Structure formats: structure tokens, C-alpha cells
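The points are grouped by topic.

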Amino acid sequence: ILIIDDDHDMRALLRDVLETEGYTVLEASQGQEGLQYFNTHNNIGLIILDYQMPIMNGKAFMENIQRYKLSRN
């Protein structure tokens, strides 16, 4: 699971809950960092994404993922 959120406390809360349930969690504090994880880890099954982040918001992150997926086809 990849958590992308600029709020450290929210990421920590989500990470703690998910890891307690046995999930492997990656964390990114901004969209660009999240894209790096997405592009280098092929086994991400779920992304928890904050929509309102500075620099690269959730919408821009999703648009980048969509372009990435289209370029791989």
C-alpha cells in the first residue's frame, strides 16, 4: 500500500493501522515522491492519496499515472 499525504500525522496513523493488519506500507510526503515509488515498485496494490497537496496535488498525480500506464502499452 502506498500512502501519499503531506500530513505526517495522517501518514503515521494510516501506516500504524495498516501495518498492524499485516500490510506492507510505503509512504510519500508529496506527489512527486509517490510517483517515484509507483514507478519503481511493481507490487503496489492500493494507493491512499491526499487530493490537496502542494507542488503536485492528487489530480496531477493521477494524471501522471495515467500517462505512465498508456506509455507502457
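**Salt bridges**

Glu63 has a relative accessible area of 33%, which makes it partly exposed. The model is a predicted one.

*Pair in helix H3*

- The side chain of Glu63 forms a salt bridge with that of Lys59, at 3.9 Å from N to O.
- Glu63 and Lys59 are four residues apart in helix H3, so about one helical turn separates them.
- Lys59 is partly exposed, at 46% relative accessibility.

*Network around Arg11*

- Salt bridges link Arg11, Arg15, Asp16 and Glu27 in a network.
- Within it, the side chains of Glu27 and Arg11 meet at 3.2 Å, N to O. This pair links distant parts of the chain, since Glu27 lies in strand S2 and Arg11 in helix H1, 16 residues apart.
- Arg11 is buried, because its relative accessible area of 9% is under 20%.
- Leaving aside residues up to four places away in sequence, Arg11 touches Ile3, Asp5, Asp6, Glu27, Ala28 and Ser29.
- Arg15 and Asp16 form a salt bridge whose closest N and O atoms are 3.4 Å apart.
- Both residues of that pair are partly exposed: Arg15 has 23% relative accessibility, and Asp16 has a relative accessible area of 41%.

*Sheet*

- Three strands form an open sheet in the order S2-S1-S3, with parallel pairing.
- Strands S2 (26–28) and S3 (47–49) are the edge strands, each pairing on one side only.
- From one strand to the next, the twist averages 15°.
- S1 (residues 2–4) runs parallel to S2 and is joined to S2 by three bridges; Ile4 has Ala28 in S2 as its bridge partner.

- Helix H2 (residues 31–40) lies across S1, S2 and S3, and runs at about 150° to S2.
- The buried residues of H2 are Gly31, Gly34, Leu35 and Phe38. They cover an arc of only 105° around the axis, and therefore lie on the same side of H2.
- The largest nonpolar core has ten residues: Leu2, Ile4, Ala28, Leu35, Phe38, Ile44, Met53, Met56, Phe61 and Ile65. At least two residues of this core come from each of S1, H2 and helix H3 (58–72).
- Ile44, one of the core residues, touches Leu2, Leu26, Tyr37 and Phe38, not counting residues up to four places away in sequence.

Definitions and conventions: Residues are numbered from 1 along each chain as its sequence is written. This is a predicted model: local features need pLDDT of at least 70, side-chain atom pairs count only at pLDDT 80 or more; totals for chains, interfaces and linings use all residues. Side-chain values use heavy atoms; hydrogens and water are left out. Contact means heavy atoms within 4.5 Å. Two strands pair if DSSP finds at least two bridges between them. Axes are lines fitted to C-alpha atoms, for helices over the stretch in contact, and angles run from 0 to 180 degrees between N-to-C directions. A nonpolar core is a set of buried Ala, Val, Leu, Ile, Met, Phe, Trp, Tyr and Cys residues joined through side-chain atoms within 4.5 Å. Buried means under 20% relative accessible area, exposed over 50%, partly exposed in between (1.4 Å probe, protein chains only). The arc is that of the directions from the helix axis to the C-beta atoms. A salt bridge is a side-chain nitrogen of Lys or Arg within 4 Å of a carboxyl oxygen of Asp or Glu.
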